[in-house]
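Student: I have a structure to read and would like to know what the terms used for it rest on. Can we go through it step by step?

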Amino acid sequence: MISKLLPFMRCPVCSHAVVVESSEGLMCDRCHAFFPLKSGIVDMLPNEAEEVITPFQRLMQTPAIVSVYEGMWRRIGYYLASSRSFASELETVLRITSTRGDAGALDLACGTGVFTRPLARSKPGLVIGLDLSWPMLRHARRLVTREGLDNVLFVRATAFRMPFRDSAFPFVNCCGALHLFDRPDDALKEIRRVLSPGGRFSVQTTIRPERSGGMAYVLERFIRFGFFNEAVLRQKLQRHGFDIVESERHRISFTFLARRID
Ligand SMILES: C[S@@+](CC[C@H](N)C(=O)[O-])C[C@H]1O[C@@H](n2cnc3c(N)ncnc32)[C@H](O)[C@@H]1O
Ligand SMILES: [Zn+2]
């Protein structure tokens, strides 16, 4: 099954575009870096020490939170941000991405796969879920196996140096994560690189509330839960070569579909 990954991959160590299947994992055909398969997930993070795990990320990947992430945490968090149900958000994302990704799709920072699985059910092509967190990925893999989805594979890697070829995907989804990334500009640079010309990119993120009684400050300062300013985010996307083609704002939740400009 992991051979299905090969057309998308490149070596995260030397950037060579030929990665081959090796016993129990993948291997770079040039520098021979080996990427082991662990619990059905390919580990493509060569330098663990470079990653900054913020206090919020650390909290989210505790076993207690992972186990209630989809059933409670994500739903309550989304409702507090938007005053609407997470099911409505899922519908929005599936609607704006409905014609995308038949030739493969990436769900970046997939977490437990709350978007990966519906995307995989709605598209015939391979959906690759990428995340940095083992506890999230292991849970995601269990749910995919339980639901019998055979077009999903998971990769452990960082959004800041993705193990994918240039222009590998016509579609990338990244929900609930852009505002949490330690280096959002590096992630946007990488997303543009792995998207094919004219490719689409769907996002759900958070906008800084105008009035929060200091709550937003506390979240940003102490647990590194981030917020964007909508105008600044729009400019940032332009700077990185994206054009927003559709968007919805529900209180501080902002969902959009962007196109790679060429
Ligand atoms: C709030 S969860 C979002 C999960 C899912 N996409 C959703 O919408 O519910 C944020 C995810 O981002 C992942 N993450 C944080 N930094 C990352 C990085 N540098 N590269 C890849 N994933 C990262 C975390 O491990 C976590 O699973
Ligand atoms: Zn290599």
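Student: Which exposed residues does the face of helix 5 turned away from its buried side carry?

Tutor: This is a predicted model. On that face of helix 5 sit T145 and R146.

Student: What makes residues of helix 5 buried, and which ones are?

Tutor: The cut-off is 20 or more other C-beta atoms within 10 Å. M136, L137, H139, A140 and V144 are buried. Their arc around the axis is only 165 degrees, which means that they lie on the same side of helix 5. In general, residues three or four places apart point the same way, because an α-helix has 3.6 residues a turn.

Student: What covers the buried residues of helix 5?

Tutor: The cover includes helix 2 (63–82) and helix 4 (116–122), together with strand 4 (41–43), strand 6 (127–131) and strand 7 (152–156).

Student: How does the reach of helix 5 compare with the expected span?

Tutor: Helix 5 (residues 134–146) has 13 residues, and 18 Å separate its first C-alpha from its last. At 1.5 Å a residue, 18 Å is expected, and the value is close to that.

Student: Why are strand 1 (19–22) and strand 10 (242–250) called edge strands?

Tutor: The open sheet has 11 strands in the order 1-2-3-4-7-6-5-8-9-11-10. Strand 1 and strand 10 each pair on one side only. Pairing takes at least two bridges.

Student: How many bridges join strand 5 (residues 105–108) to strand 6?

Tutor: There are 4, and the two strands run parallel. One bridge partner pair is A105 with V127 of strand 6.

Note on methods. Residues are numbered from 1 along each chain as its sequence is written. Chains are lettered from A and ligands numbered from 1 in the order in which they are written. This is a predicted model: local features need pLDDT of at least 70, side-chain atom pairs count only at pLDDT 80 or more; totals for chains, interfaces and linings use all residues. The expected span of a helix is 1.5 Å times one less than its number of residues. A residue is buried if 20 or more other C-beta atoms lie within 10 Å of its own, exposed if 12 or fewer, and partly exposed in between; C-beta atoms are placed from the backbone. The arc is that of the directions from the helix axis to the C-beta atoms. Two residues are in contact if their C-beta atoms, placed from the backbone, lie within 7 Å.
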